[in-house]
There are 2 protein chains.
Amino acid sequence: MTESLPVVVIVGGGFGGLRAAQRLKRAAVRIVLVDRRNYHLFQPLLYQVATAGLAPGEIAYPIRAILRHQQNLEFRLAEVTVVDLAQRRLTTSTGTLDYDYLILAFGAETNYLGLSSVVEHGFGLKDLDEAVAIRNHVLRMFELAAQESDPEVRQAMLTFAVVGGGPTGVESAGALAELTRLVQLKDFGELSPRDLRVLLLEASHRLLQGMPEGLSDATAETLWRKHVEVRFGTTVTDYDGRVVTLKSGELIPARTLIWAAGARAAGLADALGVQQGGLGRVMVEPTLQVPGHPEVFVIGDAAYWEEAGEPLPMVAPVAIQQAEVVARNIERAVAGEPPEEFCYRDPGSLATVGRNAAVARLGRFQFRGFAAWMVWLIAHLLRLVGFRNRLLVLINWAWDYFFYDRAVRLIMPEGRWPWTTGHGGE
Amino acid sequence: MTESLPVVVIVGGGFGGLRAAQRLKRAAVRIVLVDRRNYHLFQPLLYQVATAGLAPGEIAYPIRAILRHQQNLEFRLAEVTVVDLAQRRLTTSTGTLDYDYLILAFGAETNYLGLSSVVEHGFGLKDLDEAVAIRNHVLRMFELAAQESDPEVRQAMLTFAVVGGGPTGVESAGALAELTRLVQLKDFGELSPRDLRVLLLEASHRLLQGMPEGLSDATAETLWRKHVEVRFGTTVTDYDGRVVTLKSGELIPARTLIWAAGARAAGLADALGVQQGGLGRVMVEPTLQVPGHPEVFVIGDAAYWEEAGEPLPMVAPVAIQQAEVVARNIERAVAGEPPEEFCYRDPGSLATVGRNAAVARLGRFQFRGFAAWMVWLIAHLLRLVGFRNRLLVLINWAWDYFFYDRAVRLIMPEGRWPWTTGHGGE
């Protein structure tokens, strides 16, 4: 590794950052990948950790292990706090880093839409610690409900509100309905299914905006059959840990609120001092460069790019395709060639609603039910990093499918003991 | 379930409490099992969670799921705070509980021997959260060391001190040596094996007191070959998170100290107001009853009982055998019969030092090396609760064995982000 090679710093080891690093494997550059986590997270299955179906280690893989054999790369566990575009220098929690090229792939964070009460009392679902916190909390609610004599309190403990009808909300609500009704009740003979409520609250009038309307309707229908109360045109305005307040004035007693109503570019985007589009995403040239800074590229959830008048969704395929263009553009820049432009090829989308049920849009085809579920299952299994993870996830899924069980129903202590941890306000 | 049946309250869902509950399955009693955890923990493999070999969910199983089909039992997630022997009433974090018979199986806690600096800066290894904290910390030390330019600081970050040469200390030190040397270094090309140090500090002059001396020596020899510095006659007097102070005055710079130097009966033992033996354990009659309270039984780590002039060790077989006697004695008491006396049948003991290496004493036989390791492996696999856990653990072990890998090398955020969490004082 020669010190005089141009230095490419990549911020973020998600789908985009990782792919960019891998595509630059044979480039004549020195790569530094910075992430505040030591693992790459397979975010599409995060809701399964939250609903006790998978263990954190099964959907996360150490970044160093993934890139072990890449000679031109080093990894740094650190948080980037300042990006000085003029000086071409990053300040991180462990020191500074100078770059010749910069790829910003720092992703998104939960968008609470300014609702501070939800930040305080609700749960986001963007990283492993949040998923484990949801799992702990949901399981704890069952234990508390089993010892609760006041029927109104017991019902509130067993009411789980999911806000947002996008893929995360739909998949979480479906998985929660199955966890609570099919699995937990087997172990809680003292509780009645009549006390159980899973709500999916959506502000617009359809679920899964990226899907054809027919599949959206089918999804809502399937969720209903799984006893999820799907509510449209429903906007949450406040949550104090005990009662969800809707814009209509309706109050829903619920000790659990999972906020899946949106994401926005991570905070670093605001600190760059560059032009931002919707949801705080950084405006980029068609070549994914930051205007005025041709050595800086932004990809994935952090980048704002429109295609056919619509901003691209915050999904893995966008990040991965952009990573490939950016890797090529850096190689071209090093070689003195002009950059290529990015053009998105939509591979379709998939969402599962639970056992045997999913919806899929692949190119011009759309389908649902068991076939879509098998496609979802295989697609997700194959995209997991690490053969061991694939094997363990497959075993856990098969087991849960046949035995109506869930693998990881542990209430892990989070600093204090679970019966005293009053998240949600009890 | 008739309300007029005698109520047996069991405190603790460890090896003893669980076995007692299961043995009373057909007894004409109503059982309430109280634990502050919702899971039964397979403690003998806890060190493997600490060293990234197994996931928490693979060695823990929900108590409700284990006892799902037992009609005469209910489970309560709660911590017992007061035991009123005169009133036959427990106060718990979720209310009071009256009993006719009481089985105290609340186990042990880490015995820091009054060293408050170790409590503050060192790690205990008694429950899942502690194991995960050790895993996070050890992996974090590697990440920090990789970015550290001061060689002395870097060496301190890569020095891992384990205190106590009992089974937990021996197994932890062996597993740490393999994790750091065989696995981590593969991913940290910037670090040198010369900076790595794993120490096992033992105050006496041999490891594994319960083993024949020949096996103790063989264990120390095997640890040496794995590059563990085994130090005898070494007493730790202070630890500030950066430097271990020995009684001799020697100072060892180390950012990690795992305290496996002892256990004592959990705090509840002190609050009972009854006579206690060594390590705070409750003195019991040969029938395992508390003197003066024939309706109260104490078993496992919480109970003090001598056999051949020696207190019984704090191990699972003692707890399990005592549970069986106590279950019978409660059935006899209900039937108006006198209680039986407990007599321990020592099944032997096993400890592993790492790959292909273990020591075993089974009856009058003792052996070591690969054969002992296979016995250890099979014995532990079979004793795990849940067929899925056995399968997942087997896959993980086989994988790690053949690929020199570890399953769960994730630094999980614990409230704050890992690079700011200054456990150990960096």
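Visitor: Fine. What kind of model is it?

Guide: This is a predicted model.

Visitor: How many residues does each chain put into the contact?

Guide: Chain A gives 42 residues to the contact and chain B gives 42 residues.

Visitor: Which elements of chain A supply at least two residues to the side that touches chain B?

Guide: Two strands are on that list, E4 (60-62) and E5 (73-77). The helices are H3 (63-66), H5 (128-146), H7 (167-187) and H11 (387-403) of chain A. H11(A) provides the largest share of that side, 5 residues.

Visitor: Why say the copies meet through the same surface?

Guide: Because 100% of the interface residues of chain A are also interface residues in chain B.

Visitor: Switching topic. What domains does chain A have?

Guide: The domain assignment gives domain 1 as 7-36 + 78-110 + 263-334. Domain 2 is 118-259 + 355-403. In chain A, the C-alpha centres of domain 1 and domain 2 are 32 Å apart.

Visitor: Now A:Leu41. Where is it found?

Guide: A:Leu41 sits in strand E3 of chain A, residues 39-41.

Visitor: Buried or exposed?

Guide: A:Leu41 is buried, because 25 other C-beta atoms lie within 10 Å, and 20 or more is the cut-off for buried.

Visitor: What does A:Leu41 touch?

Guide: Leaving out residues up to four places away in sequence, A:Leu41 touches A:Leu46, A:Ile59, A:Ala60, A:Asp127 and A:Leu128.

Visitor: How far is A:Leu41 from A:Thr92?

Guide: They are 51 residues apart in sequence and 21 Å apart in space, C-alpha to C-alpha.

Visitor: Over to chain B. What span does helix H9 reach?

Guide: H9(B), residues 316-334, has 19 residues and reaches 27 Å from first C-alpha to last. That is close to the 27 Å expected at 1.5 Å a residue.

Visitor: Which residues of H9(B) are buried?

Guide: Among them are B:Val318, B:Val325, B:Val326, B:Asn329 and B:Ile330. The cover over the buried residues of H9(B) includes helix H1 (15-23) and strands E1 (7-11) and E21 (293-298) of chain B.

Visitor: What follows H9(B)?

Guide: B:Gly336, with a positive phi near 80 degrees.

Conventions
Residues numbered from 1 in each chain as written. Chains lettered and ligands numbered in written order. Predicted model: local features only at pLDDT ≥ 70, side-chain atom pairs only at ≥ 80, totals over all residues. Helix = DSSP H or I, 4+ residues; strand = E, 2+ residues; numbered from the N terminus. Expected span 1.5 Å × (residues − 1). Buried ≥ 20, exposed ≤ 12 C-beta atoms within 10 Å, placed from the backbone. Contact = placed C-beta atoms within 7 Å. Domains from an automatic or database assignment.
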